[in-house]
Amino acid sequence: MSRIDARFHELKSQKRKAFVAYVMAGDPDFDTSLELVKGLPGAGVDIIELGVPFTDPMADGPTIQLAGQRALAGGMTLDKTLGLARAFRVTDQKTPIVMMGYYNPIYSRGVETFLKQATDAGIDGLIVVDLPPEEDDELCIPAQKAGLNFIRLATPTTDDERLPRVMQNTSGFVYYVSITGITGAAEAQAADVGPEVARIKAVSDLPVIVGFGVKTPDTARAIAGVADGTVVGSAIVAQIEAGKPVPEILDFVRSLADGAHSA
């Protein structure tokens, strides 16, 4: 059982919804980023989604794009992202880490080499948004053989014909994108999300976690109420962009987590 599977098993036994927090590795710098990541579990985060800065993102809105640019300008690399995960694992062997990024840096490194480095660093799952199911042999299947969950995104435009194909080799959880658009755009609406979660659950036994457009504790509560949990990214990254101190950012994260957990 992976850390991700174990965490959802634990949450189910507690009848609690999951709260997932996204942060960009190296934003605004390595040390601050590590301090923040280390503080996330204590702020109520069940799963950490760790972004890998990349020059040409596809799904990320301006807030997260700028976070990636800040991280890259500060010298953040894939190696340093893995190093941040290793540093986190020195004091936390339980909290799952999902690495979110794009295929180019992995391809450039070599899949086999990357997967060994990722597992050694304590990464538990991957979200690689520019690899469709038709390319599962590239990374998805090798990742699962290496013991990593491969988490796929479903969206409002993933129709009933496409959905089973998307779910075929997904593991860990399903990430449902609540809106048609980029991160940090419109606010997610529980009334729209609920039927979509039910549609996914009709073809998959995996937990469904909803992200994009979740910015407040009230929205986190509402969305978690119709799913197995929620993800918040841009709202947290905006706090980092504003230069707020880590304890203040963690207080904000705690408010979001409390919202999700109260669903």
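In the predicted model, the buried residues of helix α11 are Ser-234, Ala-235, Ile-236, Val-237, Gln-239 and Ile-240, where buried means under 20% relative accessible area, exposed over 50% and partly exposed in between, for a 1.4 Å probe and protein chains only. Residues are numbered from 1 along each chain as its sequence is written, and side-chain values use heavy atoms, with hydrogens and water left out. Because the model is predicted, local features need pLDDT of at least 70 and side-chain atom pairs count only at pLDDT 80 or more, while totals for chains, interfaces and linings use all residues.

Helix α11 spans residues 234-241 and is mostly covered, with six of its eight residues buried. Helices (H or I, at least four residues) and strands (E, at least two) are DSSP runs, numbered from the N terminus. The buried residues of α11 pack against β1 (18-24), α2 (30-39), α3 (62-73), β9 and α12. Helix α12 (residues 246-261) contains Phe-252. Leaving aside residues up to four places away in sequence, Phe-252 touches Lys-215, Ala-235, Ile-236 and Gln-239, contact meaning heavy atoms within 4.5 Å. Phe-252 and Ala-235 are 17 residues apart in sequence, and their C-alpha atoms are 9.3 Å apart in space. After α11 comes Gly-243, which has a positive phi near 80°.

The strands form an open sheet of nine, in the order β5-β4-β3-β2-β1-β9-β8-β7-β6, with parallel pairing. The edge strands, each pairing on one side only, are β5 (149-150) and β6 (153-154). Two strands pair if DSSP finds at least two bridges between them. Strands β6 and β7 pair in the parallel sense over two bridges, and Leu-153 stands opposite Tyr-175 in β7.

Strand β7 (residues 174-177) runs parallel to β8 and is joined to β8 by four bridges. Tyr-176 has Val-210 in β8 as its bridge partner. Two bridges join β8 to strand β9 (residues 229-232), again in parallel, and Val-210 stands opposite Thr-230 in β9. Between β8 and β9 the chain passes through helix α10 (residues 217-225), and this β-α-β crossover is right-handed; that is, with the strands pointing away from the viewer, the path from the first strand over the helix to the second runs clockwise.

In a regular strand the side chains alternate between the two faces of the sheet. Strand β8 (residues 208-211) is covered on both faces, with Val-208 and Val-210 buried on one side and Ile-209 and Gly-211 buried on the other.

Several loop positions were also examined. Phe-212, in the loop between β8 and α10, has a positive phi of about 75° although it is not a glycine. Phe-212 counts as buried because its relative accessible area is 10%. Lys-15, in the loop between α1 (3-14) and β1, is likewise not a glycine and has a positive phi of about 55°. With a relative accessibility of 78%, Lys-15 is therefore exposed. Asp-60 is placed in the loop between β2 (47-51) and α3, and its relative accessibility of 7% is why Asp-60 counts as buried. Pro-28 is found in the loop between β1 and α2, and the peptide bond from Asp-27 to Pro-28 is cis, with omega near 5°.
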